[in-house]
Amino acid sequence: MQNEKRQSNSYENVGLIIQGDNNTVSGNMVSVNKNLLELDDIVKTIKQTLRDSDIEDESREIINDNVDVIHEQLKNNNPKKGFIKTAISGLQGIYPKIEDSVKLASSIMAIIKLAKDLEIL
């Protein structure tokens with residue numbers, strides 16, 4: 001019997017199964033949908049905390065720019081690892097200046113951890 005081609009919303013590739021429109025990834029990876037929601041929540045928390053904080057303008061700009069880069073790249077189908085690494089370095093460099101803001105510091109650490117957990121780097 002010949003192999004039949006079938007149309008489906010699922011694609012298999014090296015132990016990875018991607019199912020159609022709901023962006024669910026299973027197998028050796030976690031749900032893309034869950035990670036993107038978590039990413040959006042972390043970014044929202046960082047932005048809100050920055051608005052409410054008394055962090056100096058230069059630090060606020062550095063955090064905003066680097067968080068935006070990470071957010072855009074992690075949502076991209078083909079993220080640029082160099083951009084993400086540079087943004088993480090920028091956030092890690094600013095971290096000592098914001099240690100007093102526990103919520104902001106923990107959110108920044110969460111976005112760095114998420115980027116690393118996605119094994120993009």
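How do H3 and H4 run relative to each other, roughly parallel or roughly antiparallel?

What we have here is a predicted model, where local features need pLDDT of at least 70, side-chain atom pairs count only at pLDDT 80 or more, and totals for chains, interfaces and linings use all residues. Residues are numbered from 1 along each chain as its sequence is written, and side-chain values use heavy atoms, leaving out hydrogens and water.

Okay, the overall layout. The protein chain has four helices and three strands; helices are DSSP runs of H or I with at least four residues, strands are runs of E with at least two, and both are numbered from the N terminus. Going along the sequence, you get β-β-β-α-α-α-α. There are 121 residues in the protein chain, and 30% of them count as buried. Buried here is under 20% relative accessible area, exposed is over 50%, and partly exposed is in between, using a 1.4 Å probe and protein chains only. As for contacts (heavy atoms within 4.5 Å), take those between residues at least 6 apart in sequence: 52% of them join residues at least 24 apart.

Now, back to that opening question. The axes of H3 and H4 come within 11 Å and cross at roughly 155°. Axes are lines fitted to C-alpha atoms, for helices over the stretch in contact, with angles from 0 to 180 degrees between N-to-C directions. So H3 and H4 are roughly antiparallel. The cut-offs: under 35 degrees is roughly parallel, over 145 roughly antiparallel, 65 to 115 roughly perpendicular, and the rest oblique. On the H3 side, Ile-84, Ile-88, Leu-91 and Gln-92 make the contact, and they meet Ile-108, Ile-111, Ile-112, Ala-115 and Lys-116 of H4.

What about H2 and H4? Their axes come within 11 Å and cross at roughly 30°, which means H2 is roughly parallel to H4. H2 brings Ile-63, Val-67, Ile-70 and Leu-74 to this contact, while H4 brings Leu-104, Ile-108, Ile-111 and Ala-115. If you're wondering about that spacing, an α-helix has 3.6 residues a turn, so residues three or four places apart point the same way.

Let's stay on H2 for a minute. This helix covers residues 57–75, so to speak 19 residues, and reaches 27 Å from first C-alpha to last, close to the 27 Å expected at 1.5 Å a residue (the expected span is 1.5 Å times one less than the number of residues). Its buried residues include Arg-60, Asn-66 and His-71. Ser-59 is another H2 residue, and it counts as buried because its relative accessibility is 1%. Ser-59 touches Ile-94 and Lys-97, leaving aside residues up to four places away in sequence. Asp-65, also in H2, is partly exposed at 42%. From Asp-65 to Gly-90 is 25 residues in sequence, but 9.2 Å in space, C-alpha to C-alpha.

Last stop, the core. A nonpolar core is a set of buried Ala, Val, Leu, Ile, Met, Phe, Trp, Tyr and Cys residues joined through side-chain atoms within 4.5 Å. The largest one has 23 residues, and Ile-46, Ile-63 and Leu-91 are among those with the most contacts inside it. H1, H2, H3 and H4 each supply at least two residues of this core, and H4 gives the most, with seven. Ile-63 touches, among others, Ile-46, Leu-91 and Ile-108, not counting residues up to four places away in sequence.
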